Amino acid sequence: TPVSLCVLAPAGAFIGEYVSNGLIVFGGVGGFVAVGLVAALWQFLVMTGMHHVLMLMMLNNLFTIGYMDGVCVSGAFATFATFGVALGAFLRLKDKKEKSMSLGFFVSGILGGVTEPTLYGLCFSHKRTFATLMAGAFAGGIYGGITHVAMYLLGSTNILTVMGFIAGGTSNMVNGCIACGLSLIVSAVLTYLFGFSGQELETAG
């Protein structure tokens with residue numbers, strides 16, 4: 001406990017700040033590629049608490065210029081990719097208990113905006129799904145970055161996230177929905193096809 005409180009926690013905060021600041025700088029010069037990469041890494045940043053600096057930038061942009069764009073919207077695509085992982089797992093897994101849990105993870109995410117059950121209850125049990133999560137988030141991030149999707153509202157992290165695109169006009173709304181949908185579909189398909197080893201499926205069956 002003393003080591004965790006006196007050494008590991010401060011070191012983690014120090015490193016996390018540098019990582020987040022580095023991603024912010026990269027976001028300013030990396031264009032749509034940066035949006036995709038930050039989206040792919042987003043859930044890992046959240047799990048380690050390294051996303052707080054990015055959150056501060058998001059809030060600053062929202063309150064000063066009225067919207068968030070670039071890497072500031074990467075989290076939305078990563079969230080929908082997480083929903084996709086749960087959906088793909090539900091469709092692929094054979095074990096009734098895991099199948100039911102995956103459906104619950106999907107519903108709690110898409111309706112309640114809760115991604116932790118998928119991350120800790122599914123991804124840590126089936127490590128390949130982390131890769132499919134990253135791929136889906138990257139795909140949505142790339143599309144969102146290319147089309148310059150912006151969010152004008154910071155609210156729910158569920159299906160209502162798309163409401164944040166409305167104030168940017170029809171094009172922004174459509175592209176935002178496409179980017180989120182792309183994240184979900186890509187991660188779901190890849191999870192279904194590659195998310196589980198043969199041994200995992202045999203054991204589940």
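Two rings of Phe, Tyr or Trp count as an aromatic pair if their centres lie within 6.5 Å. For Trp, the six-membered ring is used. These legends describe a predicted model.

**View 1. The aromatic pairs of the protein.**
By this rule, the count comes to 5 aromatic pairs. One of them is formed by Phe44 and Phe130. Phe44 belongs to helix α2 (residues 31-48), while Phe130 belongs to helix α7 (residues 128-146), so the pair ties together parts that are 86 residues apart in sequence. Phe44 is partly exposed, at 29% relative accessible area. Phe130 is buried, at 11% relative accessibility.

Tyr120 and Phe124 make a stacked pair. Here the centres are 5.6 Å apart, with 5 degrees between the planes. The planes count as stacked because the cut-off is under 30 degrees. Tyr120 is partly exposed, at 44% relative accessibility. Phe124 is also partly exposed, with a relative accessible area of 37%. Together, Phe44, Tyr120, Phe124 and Phe130 form one aromatic cluster.

**View 2. Charged side chains over aromatic rings.**
Which ring lies under the charged end of Arg92? It is the ring of Tyr192, with the charged end of Arg92 at 5.3 Å from the ring centre. Lys99 lies over the face of Phe90. The distance from Lys99 to the ring centre of Phe90 is 4.9 Å.

**View 3. A nonpolar patch on the surface.**
The patch is formed by Leu103, Val107, Leu111, Leu153, Ile159, Leu160, Met163 and Ile166. Together these residues have about 700 Å² of accessible area. Val107, one of the residues in the patch, is placed in helix α5 (residues 96-110). Is Val107 buried or partly exposed? Val107 is partly exposed, at 37% relative accessibility.

**View 4. Phe105 in helix α5.**
Phe105 lies in helix α5. Phe105 is buried, with a relative accessible area of 12%. Ala89 is 16 residues away from Phe105 along the chain. The C-alpha atoms of Phe105 and Ala89 are separated by 9.8 Å.

A disulfide is a covalent bond between the sulfur atoms of two cysteines. How many disulfides does the structure hold? The number is 0. Take Cys180: its closest cysteine sulfur is in Cys177, at 6.8 Å, which is too far for a bond. The cut-off for a disulfide is 2.5 Å between the sulfur atoms. Cys180 is buried, at 1% relative accessible area. Cys72 is buried as well, at 4% relative accessibility.

Ala137 is found in helix α7. Ala137 is buried, with a relative accessible area of 1%. Between Ala137 and Ala179 there are 9.1 Å in space, C-alpha to C-alpha. In sequence, Ala137 and Ala179 are 42 residues apart.

Gly140 is found in helix α7 too. Its relative accessible area is 0%, so Gly140 counts as buried. What is the C-alpha to C-alpha distance between Gly140 and Val35? Gly140 and Val35 are 9.0 Å apart in space. Along the sequence, 105 residues separate Gly140 and Val35.

**View 5. His148 in a loop.**
His148 is placed in the loop between α7 and β2 (150-151). His148 has a positive phi of about 55 degrees, although it is not a glycine. Is His148 buried or exposed? His148 is exposed, at 66% relative accessibility.

**View 6. The fold around these close-ups.**
The protein has 9 helices and 2 strands. From the N terminus on, the elements run α-α-α-β-α-α-α-α-β-α-α. The protein has 205 residues, and buried residues make up 41% of them. Among the buried residues are Phe130, Phe105 and Gly140.

How values were computed. Residues numbered from 1 in each chain as written. Predicted model: local features only at pLDDT ≥ 70, side-chain atom pairs only at ≥ 80, totals over all residues. Heavy atoms only, no water. Phe/Tyr/Trp six-rings, centres within 6.5 Å; stacked < 30°, edge-to-face > 60°. Helix = DSSP H or I, 4+ residues; strand = E, 2+ residues; numbered from the N terminus. Buried < 20%, exposed > 50% of the residue type's maximum accessible area, 1.4 Å probe, protein only. Lys NZ or Arg CZ within 6 Å of the ring centre and 35° of its normal. Patch = residues over 30% accessible without salt bridge, like charges linked within 9 Å, V, L, I, M, F, W, Y side chains within 5 Å. Areas by Shrake-Rupley, 256 points an atom, 1.4 Å probe, with all protein chains shown as cover. Salt bridge = Lys/Arg side-chain N within 4 Å of Asp/Glu carboxyl O.
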